[in-house]
Amino acid sequence: MNKIVIVVFGMLLMFGAVGCRHTVDYSQYPEVKYSTDVSPVISANCTQSGCHGSVDVRRFPLLTYDDLIEHTHVVSGKPEQSDLFSVIRTLNKNERMPVDPLPPLTDDQIKMIYLWIAQGAKNN
């Protein structure tokens, strides 16, 4: 009986935590612009030869805003659901972009991309 009570109580706590969502007001932060903030980071770190800088059929290009949105599954307003954010922040070296031997993006670059997506991933 005690085990059942503990399991039920644990499930109630888990569902309560999942149901608790907070909305963050991103208007207090400076607007992140694709053209001057995001594009230079993508160009410098993702579009090297053999990566995402060509139209090689095995790899998709990330040369334009449309390429980025189409191929990286950026979910406007939802960084945690965006593949772009997932692959740049993962600690798994086999999944992280850019791949070794290139260095990972800096914390500031990752935060900036997070904020850009959270602010709506605008083509500005």
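Which glycine follows H5, and what is its phi? Glycine 120 follows H5, and its phi is positive, near 115°.

## Model and confidence

This is a predicted model: local features need pLDDT of at least 70, side-chain atom pairs count only at pLDDT 80 or more, and totals for chains, interfaces and linings use all residues. Residues are numbered from 1 along each chain as its sequence is written, and side-chain values use heavy atoms, with hydrogens and water left out.

The protein chain has a mean pLDDT of 81 (pLDDT is the predictor's confidence in each residue, from 0 to 100). A value of 70 or more is reached by 76% of the residues. Among the elements, helix H1 (residues 2-19) has the lowest mean pLDDT, 51. Helix H5 (residues 107-118) has the highest, 96.

## Overall build

The protein chain holds 5 helices and 0 strands. Helices (H or I, at least four residues) and strands (E, at least two) are DSSP runs, numbered from the N terminus. The order from the N terminus is α-α-α-α-α.

Of the 124 residues, 29% are buried. Buried means under 20% relative accessible area, exposed over 50%, and partly exposed in between (1.4 Å probe, protein chains only). Contact means heavy atoms within 4.5 Å. Among contacts with a separation of 6 or more, 56% join residues 24 or more positions apart.

H5 has 12 residues. Its first and last C-alpha atoms are 16 Å apart, close to the 16 Å expected at 1.5 Å a residue. The expected span of a helix is 1.5 Å times one less than its number of residues.

Buried residues in H5 are Ile110, Met112, Ile113, Leu115, Trp116, Ile117 and Ala118. In H2, the buried set is Tyr34, Val38, Ser39, Val41, Ile42, Asn45 and Cys46. The cover over these H2 residues includes H3, H4 and H5. An α-helix has 3.6 residues a turn, so residues three or four places apart point the same way.

## The second largest pocket

The second largest pocket contains about 190 Å³ of space. On a 1 Å grid over the protein atoms alone, a pocket is an open set of points where a 1.4 Å probe fits, with protein on both sides within 12 Å along at least five of seven lines. Lining residues have an atom within 4 Å of a point. Grid points are joined across faces, edges and corners, and the volume is the space filled by probe spheres set on the points.

The lining of this pocket has 14 residues. His52, Phe60, Thr72, Val87 and Met97 lie nearest the centre. Helices H3 (65-72) and H4 (83-89) each give two or more residues to the lining. H4 gives the most, with 4 residues. By class, the lining has 9 nonpolar, 4 polar and 1 charged. Ala, Val, Leu, Ile, Met, Phe, Trp, Tyr, Cys and Pro count as nonpolar, Asp, Glu, Lys and Arg as charged, and the others, Gly among them, as polar.

## Backbone features

Proline 98 lies in the loop between H4 and H5. A cis peptide bond joins it to methionine 97, with omega about -5°. Proline 101 is also found in the loop between H4 and H5. The peptide bond from aspartate 100 to proline 101 is cis, with omega near 15°.

Alanine 121 lies in the segment after H5. Its phi is positive, about 50°, although it is not a glycine. Alanine 121 is buried, with a relative accessible area of 4%.

Aspartate 67 sits in helix H3. Is aspartate 67 buried or exposed? It is buried, at 15% relative accessible area. Leaving aside neighbours within four places in sequence, aspartate 67 contacts Pro61, Leu62 and Thr72.

Lysine 33 is in the loop between H1 and H2. At 35% relative accessibility, lysine 33 counts as partly exposed. Lysine 33 and asparagine 124 are 91 residues apart in sequence, yet 5.4 Å apart in space, C-alpha to C-alpha. Not counting residues up to four places away in sequence, lysine 33 touches Val38 and Asn124.
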